[in-house]
Amino acid sequence: MAPTDSHPTETRTAELWVRSHSPFGAAPERATVLDSLETLEEAGYFEDVTARLWGKRVGLSTMAARTEEGTEILDRVTDFRTWAERNDATVEQFFPERMMDSHLVDESYLVQELPTLALAEYEDGEVVHVTPCIVDGSLQTVEDRVSTIEAEAEGEIAQRELSPAGVQ
């Protein structure tokens with residue numbers, strides 16, 4: 001399936017991942033995105049929309065990677081990378097791994113960096129789109145994707161309203 005395809009199902013869901021301590025000025029942008037997704041949920045486009053928090057990074061070789069939260073985040077990032085590989089998209093620059101130095105204990109360790117905002121869309125429990133990403137050489141931000149979804153939803157909802165009851 002192409003990364004921008006949309007196929008209605010009974011279980012279309014979305015997860016919005018938000019960095020807990022985002023840069024100054026990012027809060028209004030995040031609120032607007034979440035408001036739009038919740039409106040899409042109310043209109044029936046998404047069955048469920050969940051907002052989740054994550055930090056700036058997860059240490060891959062630290063205790064954080066062994067916690068329930070750390071494991072869940074790292075599993076999601078793996079799912080996002082798998083989606084990208086299958087759909088000729090790129091997410092690596094938004095989810096880079098890098099070495100960090102700790103001056104307290106004089107050690108270096110590998111971390112998984114996380115973006116300020118990420119959106120994962122699911123159909124029947126499978127990842128069908130992730131943003132931010134690069135598709136066909138073009139950057140697709142979370143805000144871009146939400147605008148695309150809103151346009152798709154408008155047509156889909158109008159189609160449902162025009163269809164006789166029970167016919168789709």
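## The contact between R12 and Y45

A polar atom in the side chain of R12 lies 3.0 Å from the backbone oxygen of Y45. A polar contact here is a pair of N or O atoms within 3.5 Å; within protein, one must be able to donate a hydrogen and the other to accept it, and residues adjacent in sequence count only if both atoms are side-chain atoms. R12 belongs to strand β1, residues 12-19. Strands (E, at least two residues) and helices (H or I, at least four) are DSSP runs, numbered from the N terminus. R12 counts as buried because its relative accessibility is 3%. The cut-offs are under 20% relative accessible area for buried and over 50% for exposed, with partly exposed in between (1.4 Å probe, protein chains only).

This is a predicted model, in which local features need pLDDT of at least 70 and side-chain atom pairs count only at pLDDT 80 or more, while totals for chains, interfaces and linings use all residues. Residues are numbered from 1 along each chain as its sequence is written, and side-chain values use heavy atoms, without hydrogens and water.

## Salt bridges

The whole structure contains 10 salt bridges. In each, a side-chain nitrogen of Lys or Arg is within 4 Å of a carboxyl oxygen of Asp or Glu. One of them pairs R76 with E15, with 2.7 Å between the closest N and O atoms. R76 is in helix α2 and E15 in strand β1, 61 residues apart, and the pair links these distant parts of the chain. Both R76 and E15 are buried.

Another salt bridge joins the side chains of E92 and R81, at 2.8 Å from N to O. E92 sits in the loop between β4 (89-90) and β5 (97-102) and R81 in helix α2, so this pair ties together parts 11 residues apart in sequence. E92 is partly exposed because its relative accessibility is 40%, whereas R81, at 15%, counts as buried.

E121 and R145 also meet through their side chains in a salt bridge, 2.6 Å from N to O. This pair links distant parts of the chain, with E121 in strand β7 (residues 117-123) and R145 in helix α3 (residues 142-162), 24 residues apart. E121 is buried, with a relative accessible area of 4%, and R145 is buried at 1% relative accessibility. Salt bridges with shared partners also join E15, R52, E72 and R76 into one network.

## A patch of negative charge

On the surface, D75, D79, D124 and E126 form a patch of negative charge. Patches are made of residues with over 30% relative accessible area and no salt bridge, and like charges are joined within 9 Å. Asp and Glu count as negative, and the place of a charge is taken as CG of Asp or CD of Glu. D75 is in helix α2, residues 68-86. Its relative accessible area is 44%, so D75 is partly exposed.

## Backbone features in loops

The peptide bond from T131 to P132 is cis, with omega near 10 degrees. P132 is in the loop between β8 (126-131) and β9 (133-135).

D88 is not a glycine, yet has a positive phi of about 50 degrees. D88 lies in the loop between α2 and β4 and is exposed, with a relative accessible area of 69%. D136, also a residue other than glycine, has a positive phi near 50 degrees. D136 is found in the loop between β9 and β10 (138-140) and counts as exposed because its relative accessibility is 74%.

How values were computed: Patch = residues over 30% accessible without salt bridge, like charges linked within 9 Å, V, L, I, M, F, W, Y side chains within 5 Å. Areas by Shrake-Rupley, 256 points an atom, 1.4 Å probe, with all protein chains shown as cover.
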